[in-house]
Amino acid sequence: MWNSPSGRAFFRRHPLFVAALVVAASVLLARWHGVAGIAVAILLGLAGLRWLGKMTGLAWVLCGSVAVGVFTVRHAIRDADERNLLGNAGGAMAGRVLKDAKGSEAFWQAPVTLEDGSKVWWEGRGEMPVSGARVRGRGNFGPLQGARNPGEFDQAEWLRGQGVAAIFHAGWLDGEVTTGKWPALGADVRRGFRTAVTAGLTSDSEEAVVIRAVVIGEQPPDAEELIAAFRNSGTLHAFSVSGLHVSMVGLLAWLVLRSLGVRRRWSIPLLLALIFGYSWLTGNSAPAVRSAWMAAVFLGAFVTRRRPDLLNALGAVLLAALLWDGRLLFQPGVQLSYGVVAAIAIGAGWGTRLFSGISQPELYLPTTLMNWRQRQWLCFRRWIAQSLGVSLVAAIGSTPFTAFHFGLVTPVSVFAGLIFLPLVFVLLSVALLGAALHAVSPTAAGLVNRMNGIVANGCVLTARSFAAIPGGHFQLQQESSPFLLIYDLEHGAAAAVFSAGDSSVLLDCGDRYGFRRRVVPSLRRLGVVPDAAVLSHPDGGHLGGGNRVWETFPIRQALLPVERSRSPAFRAWLREAPQAGVRLFQAGNHVELPMPDGARLEIVHAPDPHSQNAMADDRVLISRLHWRGWKLLFTSDAGLGTEMELLDTGRDISADVIIAGRHEGDATLSDRFLDAVNPQAIVASHSDFPPEEVLNPQAVAYWRSRGIHAIHQGQAGGVTLRVDEAGNLRLEGFADKSVRILKPR
C-alpha cells in the first residue's frame with residue numbers, strides 16, 4: 001500500500017499525521033524496550049526514505065528517536081524520584097500545586113511539584129489550594145496505590161502516566177497554603193464562572209449538576225444513576241470538556257463574529273483567544289488543551305492561506321505531545337480522543353455517502369423549483385445524513401478503545417447523538433449567555449439559566465431513553481460462571497458479591513466512598529448487576545451510603561440485621577428503601593435465604609433487633625453460605641462476645657472458609673471459635689488506618705501454625721472464590737496473583 005500511488009498521495013497530503021503515527025509506533029515499542037523503539041523508528045524511516053524521499057525518511061528517524069529518548073529519560077527520572085522519595089523518612093515538604101485540588105477541606109488531593117523537582121500526589125486537609133498556590137506541610141511518603149480489586153480503576157498506573165512518583169500524606173496539623181495574587185485571581189474568576197452558569201437554579205438540583213458537568217466538566221459526586229444513563233447511551237463524553245465542547249464554543253464564537261461583521265483576519269485571533277480562554281475557565285483539562293491547540297493549528301491554515309486539514313492538525317498536536325512526553329500515549333482518554341478525531345477525519349465522507357439516500361432531492365424536481373418548505377425539508381434531510389455519517393464513524397473509532405479499557409459497547413450512541421448533540425450545543429450556548437449576563441444583571445442571568453434547566457432536563461431524558469433501549473449497550477466481559485468476590489476496601493469497610501450471571505447479591509456494600517469508587521466500577525466492568533443485598537450490621541462502612549445502592553443497581557430486596565439504629569445510612573435503608581420499591585426483611589425472622597446458583601444463606605446468628613444503644617460491631621449478623629458442597633462463614637466484624645454467645649448455643653458452626661473483619665475494640669477468632677468452625681482457610685481484612693483495622697501479623701502466623709490457609713487482604717487484595725470442575729474451591733488474590741486450592745473434606 002505504501003508504494004501505491006494512492007498511498008504516497010495520502011502521505012503527502014497529511015505529512016504531519018503520518019509522522020505522528022511513526023512516532024507513536026516508536027513510543028509504543030519503547031515501553032517494552034528502548035532499543036526496540038529506536039529500531040522501529042529507523043525501519044520506518046528507511047521505508048519513508050525509499051518511497052517518499054530522503055527528507056521524509058530522515059525526519060521520521062529523527063522524530064521517532066527523539067520521542068523514544070525523551071520517553072525513556074522521563075521514565076528513568078520518575079523511577080529514580082520514586083526510589084528516593086520512598087526511601088525518605090518524610091518531614092517538612094513544600095511545593096507548587098499544578099491543578100486545583102479535588103475533594104473538601106476534610107480531605108483533598110492535588111498534584112504537586114516539590115522543591116527538588118519531583119512530582120507527588122499530595123493528600124492534605126484544611127484550606128484547599130488552587131493551581132499555582134504553594135503548599136507546605138509535614139508528613140510522609142507512600143507508594144502509589146494500584147487496583148486492589150477486579151475491574152477497579154488503576155490509579156497508580158494513571159498517576160505514573162502523569163509523572164507522579166509517590167503519594168505524600170500530609171499530617172493533620174502544620175499544613176499551610178500560600179496563594180499568590182495571580183493564582184488567587186484565576187481561582188476567583190473560575191469560581192465566578194461556575195456560579196454564573198447555574199445562578200438562579202438550586203445548587204444541588206439535577207439541572208444544575210448537568211449544566212456544570214457539560215459546561216465545565218465537573219463530575220457529579222453523588223449521581224451514579226444519572227452518570228449510568230449517560231454512560232449506557234454513549235453520551236458520557238459530554239461530561240468532560242473535550243474537543244466536542246471546544247469545537248462548539250468555536251462554532252458559536254464564529255457565528256457571533258460573523259453576525260457582527262468581523263473580518264476573517266481578525267476573527268481567527270479572537271476565536272483562538274476565546275477557545276483558549278474557555279479551556280482555562282474550565283480548568284485546562286488535558287482534552288480541552290489538546291483540542292484548543294488542534295483548533296489553533298487548523299485555523300492557522302487560514303492565516304497562512306493554506307487549505308485547512310483536520311488530519312494534519314491532529315498530527316501536529318499529537319507529534320508535539322509525543323516529542324514532549326510520550327507517556328500520554330498510554331492514557332485511555334488520549335487514545336479515545338485522538339482515535340475519534342482521526343476516525344471522523346478519515347471516514348466522515350464515507351459515512352455521509354452511506355446515508356446519502358436520505359439526502360437525495362426528489363426526482364424530476366430541481367432545487368430551483370422547490371418552494372421554501374421543500375428546501376427546508378431537503379436541508380434537514382442532508383443534516384440528518386451528515387450527522388448519522390459522522391456519528392457512525394465516531395462510534396466506529398471509539399468502540400475499540402471503550403471496549404478495551406471499559407469493556408462497554410454502545411451502538412445506540414449513533415442515534416442518541418442526533419438528538420443529544422444539538423441539545424448540548426443549545427445548553428452550552430445558553431450557559432455562556434447566562435454567564436455573560438450575570439456580570440450585568442444577575443436577575444436576567446437567573447431567568448436564562450432557569451430556561452437552560454429545561455434543556456438540561458432534555459439531555460437527561462434523552463440519555464435515559466436511549467440507555468433503556470434493549471441491546472443499545474452491553475458489557476463485553478460479563479462474568480457468567482458463579483463466583484464470590486470479597487472486596488478489599490479501606491478504613492475497615494467491607495463488601496462482597498455472590499453472583500451466578502443472571503442473579504447477584506451484595507453481602508454488605510462498603511462505605512460511601514468505597515461503594516462509589518471501588519465496588520460500583522468493579523461490578524460494572526464485570527457485568528454484574530446485583531438485585532438483592534444482605535447487610536451484616538448497622539455500621540457506615542458496610543451500608544454503601546444508603547440510597548446510593550438502590551439508585552445504582554436494581555435492588556429489589558434486602559435483609560437487615562436489626563430493626564433500629566442510630567446510623568444515618570442505616571436509617572436511610574429503613575425509611576427510603578421501601579419508598580424506592582425495595583422489600584426489607586429482618587434477619588431474626590428467617591432461618592435461611594435462597595441464593596444464586598442453587599446456594600442458600602443460613603442465618604447462624606441474628607443480633608438483638610432492639611439493642612440500638614449497643615455499638616454496631618456488637619450487633620453483627622453471622623451467616624453461612626452453603627454452595628456446591630462448601631460452607632463459607634461470614635463473621636464480619638463480630639468480636640469475642642458475639643463468638644461466645646454463638647458458641648453457648650451449641651449449634652453446628654463448622655465451615656471450610658471464614659470471611660472475617662475486625663471488631664473495633666474486641667478480639668476476634670478465638671481458639672475456641674476456631675476449634676468449633678475448623679476452617680481450611682481464613683480470608684481476613686486489613687487496613688493501615690485506623691489502627692484497630694490493622695491485621696496482626698502474629699495472628700496470621702498463628703493461624704498458619706494451625707494448618708489454616710491465612711489470606712491477608714492487605715497483601716492479596718480482593719479475593720475471588722470459585723468452584724472448579726473437580727469440585728475444588730479456588731481462592732484467587734487479585735493484588736498478589738496468589739491462588740490457593742482447597743480440596744473437599
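## Overall architecture

The protein contains 24 helices and 25 strands. The model described here is a predicted one. Along the principal axes, the C-alpha trace spans about 90 × 60 × 60 Å. The radius of gyration is 29 Å, which agrees with the value near 27 Å that a compact globule of 745 residues would have.

Of the 745 residues in the protein, 49% are buried. Contacts between residues at least 6 apart in sequence were also examined, and 66% of these join residues at least 24 apart.

## Surface and charge

## Strand E10 and its two partners

Strand E10 covers residues 483–486. Phe483 and Leu485 point one way from this strand, whereas Leu484 and Ile486 point the other way. In a regular strand, side chains alternate between the two faces of the sheet. All four of the named residues in E10 are buried.

E10 is paired with two strands. Four bridges join E10 to strand E11, residues 495–499, and the two run antiparallel. In this pairing, phenylalanine 483 stands opposite serine 499. Three bridges join E10 to strand E23, residues 719–723, again in an antiparallel arrangement. Here leucine 485 stands opposite threonine 720.

## The hairpin of E24 and E25

Strand E24, residues 729–733, and strand E25, residues 739–742, run antiparallel and are joined by four bridges. Within this pair, arginine 730 stands opposite isoleucine 741 of E25. The two strands form a hairpin with five residues between them.

Lysine 737 lies in the loop between E24 and E25. Although lysine 737 is not a glycine, its phi is positive, at about 60°. Lysine 737 counts as exposed because its relative accessible area is 60%, and the cut-off for this class is over 50%.

Most residues other than glycine have a negative phi, and most peptide bonds are trans. Asparagine 284 is not a glycine, yet has a positive phi of about 50°. This asparagine is placed in the loop between helix H10, residues 264–281, and helix H11, residues 286–303. With a relative accessible area of 31%, asparagine 284 is partly exposed.

A cis peptide bond is found between phenylalanine 689 and proline 690, where omega is about 0°. Proline 690 belongs to the loop between strand E21, residues 681–684, and helix H23, residues 697–705.

Is serine 623 buried or exposed? Its relative accessibility is 6%, so serine 623 counts as buried; the cut-off for a buried residue is under 20%. Serine 623 is placed in strand E18, which covers residues 622–627.

Which residues does serine 623 touch, not counting those up to four places away in sequence? They are Leu601, Glu602, Val604, Leu632, Leu633 and Phe634. Serine 623 and leucine 314 are 309 residues apart along the chain, and their C-alpha atoms are separated by 58 Å.

Terms used: Residues numbered from 1 in each chain as written. Predicted model: local features only at pLDDT ≥ 70, side-chain atom pairs only at ≥ 80, totals over all residues. Heavy atoms only, no water. Rg over C-alpha atoms; globule rule 2.2 N^0.38 Å. Buried < 20%, exposed > 50% of the residue type's maximum accessible area, 1.4 Å probe, protein only. Contact = heavy atoms within 4.5 Å. Pairing = 2+ DSSP bridges.
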